[in-house]
Amino acid sequence: MNEQEFSELYSSLTQEMRRGILVLAALSQLNDKKYGYALISSLAERGLEIDQGTLYPLLRRLESQGLLESTWDVEGPRPRRYYVLSPDGVRMLEALRADWDGLIGVMQHLLDEHPAQEN
Amino acid sequence: MDLIDRYLHEVGRYLPRNKRADILAELRSSLVDTLEGRVQGEAGEEDIVALLKEYGPPRKVAASYSSIGQYLIGPELYPLFRMIAGIVIAAVLGAQVLAFAVAVWIGEQQINPWESLAGLVNSIPMTLGMLVIVFAILQRFDVRPELDNEPWDPRSLPVYTEVEKVDRGELVVGIVAATVILGLLTFFPDYIGTFFNLEDGFFANPVIPRYLGWISLSLIASIGLDIYMLWRGHWTIPTRLVQIAVNLFSLLVIALLLQGHNAWLAEQGVGGFLSTLELLGEDIMNNLPIISMQAFRMGLGIALVVISIETVVQIFRLVRSILRRNTTPGMLPA
């Protein structure tokens, strides 16, 4: 595998890995209502960059699945759509959080068996 | 802001009508929010261009909102599509081969084998096209098969080894018979016909020598495949496909020969088989060429029906192999 192939594959695998955690990341920030751009900023401030083209469709999907509720707020400088966890969303966040805590332990254990090698 | 309006208008073209206004309003507010977060004061064209490039081309942005995906036939329906396509194509081809065989067997009218072959080939894309349309409609209305919900028992897995193994005895007989015929055709092409009696000599079949090349080619293909199968020991999907192709070619050659015999007999003013039976009661010796040609024609007809049935069986087994391969990936060596 040459360097370019390696970096393309790496980019695709890391995207896949990050895609898996986006739902949990978004839900974790929506106990209080937020509009899309504020959510992106909030995640970015905490070190998780997510592009807008991914976030908005994700929010809509979570809403259609009943995990989020949304309302249009027309009082600010421009109309904005705010998202917040629904009661089911709150339950789901807790369930996923428990999974996540378990996964972190397992993954840490797995990776510790073969510590990173220095090049 | 003109660029943002143009951008939103373009995105809107690809969005479903019922969600369009809502999605565009949110997209607009998010674009303006982002610009304000990045640029102090009025945003210039360069800023907007950079932002829109980050969002991506309108078609891609619109596609990301599509809940059922932009599929003609999506991943949920595709396995079902493959299964049904295999069955339907096998049925359509099998029915045509059989109909062709029956038409040649009973019909006195001229049948053009090339046209029949072209019809056979044409029917594949046509059948597939119809199926794709049906499945695209199912996909459009988001119909999902519930095949996966059925309880599954590993013990119900099909046994594949017995079916896929070749019958070596059958192959050896096939190779020997085909080689003998090929040898006779190659070395004694003038002696294909019927001996009347030891003194009077011989009536040479006038049709078979005209198609010697085709007959030899078909026999060589058949012998070659049989030898390969003997060495390989089991059937695979490609070898079944080759076997079907070889059979179809043999059918074509037989059809050409039958047509030649029909034409020769028609020239002699002879119709179907029953009219020849009457000749048997009359002057057998004078009518021997006609009886001989009728016998050849009958033999060819039997070969045609046998090979047709064998081809349909092969197509059926091919479809079965494909279906099994789909349900048990990695079981069969390619």
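**Pockets and the chain A–chain B interface**

The largest pocket holds about 1,300 Å³ of space. The model is predicted; local features require pLDDT of at least 70, side-chain atom pairs count only at pLDDT 80 or more, and totals for chains, interfaces and linings use all residues. Residues are numbered from 1 along each chain as its sequence is written, chains are lettered from A in the order in which they are written, and side-chain values use heavy atoms, with hydrogens and water left out.

A pocket is an open set of points on a 1 Å grid over the protein atoms alone, where a 1.4 Å probe fits and protein lies on both sides within 12 Å along at least five of seven lines. Its volume is the space filled by probe spheres set on the points, which are joined across faces, edges and corners.

The lining of the largest pocket comprises 38 residues (an atom within 4 Å of a point). Gly174(B), Ala178(B), Ser222(B), Ile307(B) and Glu310(B) lie nearest the centre of this pocket. Four helices of chain B each supply at least two lining residues: H8 (168–187), H9 (212–232), H10 (237–267) and H12 (288–327). Helices are DSSP runs of H or I with at least four residues, strands are runs of E with at least two, and both are numbered from the N terminus. H12(B) gives the most, with 10 residues. By class, the lining of the largest pocket has 23 nonpolar, eight polar and seven charged residues. Ala, Val, Leu, Ile, Met, Phe, Trp, Tyr, Cys and Pro count as nonpolar, Asp, Glu, Lys and Arg as charged, and the others, Gly among them, as polar.

The second largest pocket holds about 1,100 Å³. It is lined by 30 residues; Gly53(A), Thr54(A), Pro57(A), Leu58(A) and Ser64(B) lie nearest its centre. Two or more lining residues come from each of H1 (3–28), H2 (36–45) and H3 (52–64) of chain A, and from each of H2 (17–38), H3 (45–55) and H4 (58–64) of chain B. H3(A) provides the largest share, nine residues. The lining of the second largest pocket divides into 12 nonpolar, eight polar and 10 charged residues.

At the interface, 14 residues of chain B contact 13 residues of chain A (heavy atoms within 4.5 Å). The two chains bury about 1,300 Å² between them, 50% of it on carbon and sulfur atoms. Buried area is the accessible area (1.4 Å probe) lost on putting two parts together, summed over both. Asp22(B), Glu26(B) and Asp33(B) supply 41% of the area that chain B buries against chain A, more than any other three residues.

Six salt bridges link chain B and chain A (side-chain nitrogen of Lys or Arg within 4 Å of a carboxyl oxygen of Asp or Glu). In one salt bridge, Arg60(A) meets Asp22(B) at 2.8 Å, N to O. On the side of chain B that touches chain A, H2(B) contributes the largest share, 11 residues. That side divides into five nonpolar, five polar and four charged residues.

Over all chains, the structure holds 13 salt bridges. Within chain A, Arg81(A) pairs with Glu63(A) at 3.3 Å, N to O. This pair joins strand S3 (residues 80–85) to helix H3 of chain A, 18 residues apart.
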